[in-house]
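The questions below go through a metal site, a ligand site and some aromatic contacts. Please look at the structure first.

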Amino acid sequence: MSEKKRIILHVDMDHFFTAVEEREHPEFKGKPVIVGADPKEGKGRGVVSTCNYEARKFGVRSGMPISRAWKLCPEAVYLPVNYELYAKASHEIMNILRRRSDKFEQWGIDEAFLDITSKVKDYAEAEAFTKEIKREVFEKEKLTCSIGIGPNKLVAKIASDIQKPDGLTIVREEEVEKFLAPLPARKLLWVGRKTEQKLKAMGIKTIGDLAHYDPAVLAETFGVMGTQMYLMAHGIDRSEVEERGEIKSIGRDITFQEDMSNFEFILNTLDELAEEVHRDVLRQNVNFRTVTVRVRYENFETHTHSKTLPFITNRLQDLKKTGRELMQAYLRPDRKVRLVGVRVSSLISAEKQKTLM
Ligand code: TTP
Ligand code: MG
């Protein structure tokens, strides 16, 4: 299948949880606001979910222990996570974005990819189109977002993060390598902390360093992931924007840069995806019963296969084992694989479960 030139947007809401709280409580305007665990005058456990830009000036960040946030900024407004409120706002925003795209993909609670290839004829039109989206979101939801425009998801996602809040960053196809080169290598999705350390030891700090490195050495050191990273450093990403099935689930998938027939590599990739999913399972404090894997072959034929476990779990080993088991059936010597994914569903909040026991 030929891959024609696409124009992709990545939308990321600005300081999402706190922005919704500010909208509901105009009296917070101008003050540092932190959503997360109860600080209990500095003795609280748990972490910061997010904070507004005023609080970020004090050094407060998502994921930081709430006790540390208290030390940095005791005068902030501290609020518990009101997930239902944010989910409702998210739902409204996603509906606006979905209506404006050829293909749409929600990513987490406050991000989305839009394929607008058929809606505009060039980047100038894409810019006007994007401003219109920002205007509609602000008018209807009173919230700002930052948007990146690029030839694929990878570039659009990195671009949306460049000018925040209320940003709009355009990276045309011919500007991609120059845009990426000075950025740290970890900005490439899939470059985790361990890989980042290894790259640093090889003298690779920026995406540009990676793009100029010998791809043979990268492949030797990191296996097929090395080739994948090398291509990403050149701004190449052929994954499609696509709506995800079930909403009440947590999942990850990856499109390989080259169709893959190495089974061991495919299964190892599935394990890595399972680890990412598991991190989110713990972060959202849920248990699961159903595991689903997805595979897309080189001809775009796509299959999913699920298994519901006889028990409720949050363990990584259950997820990995079930994922591998389900995937085995799809690994056939005559079929190259384009994409794999894994997802958990039948989610039950760990809190609620505690009260049931
Ligand atoms: P992000 O988009 O990463 O952050 P943000 O929207 O708060 O800020 P930014 O303007 O930089 O985009 O995450 C979206 C929401 O997800 C965030 O508002 C709260 C939640 N979240 C957590 O609960 N824990 C976390 O560690 C992170 C990173 C986010
Ligand atoms: Mg955001």
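**Metal site, ligand and rings**

Q: How are the donor residues of the magnesium ion (ligand 2) spaced in sequence?
A: Donors are N, O and S atoms within 2.8 Å of the metal (3.2 Å for Na, K and Ca), and water is not among the atoms, so sites may look incomplete. The magnesium ion (ligand 2) is coordinated by Asp12 (OD), Met13 (O) and Asp110 (OD), at 2.1 to 2.3 Å. In sequence, the spacing of these donor residues is D-M-x96-D.

This is a predicted model, in which local features need pLDDT of at least 70, side-chain atom pairs count only at pLDDT 80 or more, and totals for chains, interfaces and linings use all residues. Residues are numbered from 1 along each chain as its sequence is written, chains are lettered from A and ligands numbered from 1 in the order in which they are written, and side-chain values use heavy atoms, with hydrogens and water left out.

Q: What is the geometry at the site of the magnesium ion (ligand 2)?
A: Six donors count as octahedral if opposite donors are over 155 degrees apart and all others between 65 and 115. The six donor atoms here make angles of 83 to 178°. The site of the magnesium ion (ligand 2) is octahedral.

Q: Are Asp12 and Asp110 buried or exposed?
A: Buried means under 20% relative accessible area, exposed over 50%, and partly exposed in between (1.4 Å probe, protein chains only). Both Asp12 and Asp110 are buried.

Q: Which side chain has an N or O atom 2.7 Å from an oxygen atom of ligand 1?
A: A polar contact is a pair of N or O atoms within 3.5 Å. For an oxygen atom of ligand 1, the distance is 3.1 Å to such an atom in the side chain of Lys164 and 2.9 Å in the case of Asp110. At 2.7 Å, the side chain is that of Tyr53.

Q: What is the angle between the planes of Trp70 and Tyr78?
A: Rings of Phe, Tyr and Trp (its six-membered ring) pair if their centres lie within 6.5 Å; planes under 30 degrees apart count as stacked, over 60 as edge-to-face and the rest as tilted. Trp70 and Tyr78 form a tilted pair, 5.4 Å centre to centre. Trp70 is partly exposed, with a relative accessible area of 21%, while Tyr78 is buried at 17%. The angle between the planes of Trp70 and Tyr78 is 40°.

Methods. Four donors count as tetrahedral if all angles lie between 85 and 135 degrees; four count as square planar and six as octahedral if opposite donors are over 155 degrees apart and all others between 65 and 115; anything else is irregular. A polar contact is a pair of N or O atoms within 3.5 Å; within protein, one must be able to donate a hydrogen and the other to accept it, and residues adjacent in sequence count only if both atoms are side-chain atoms.
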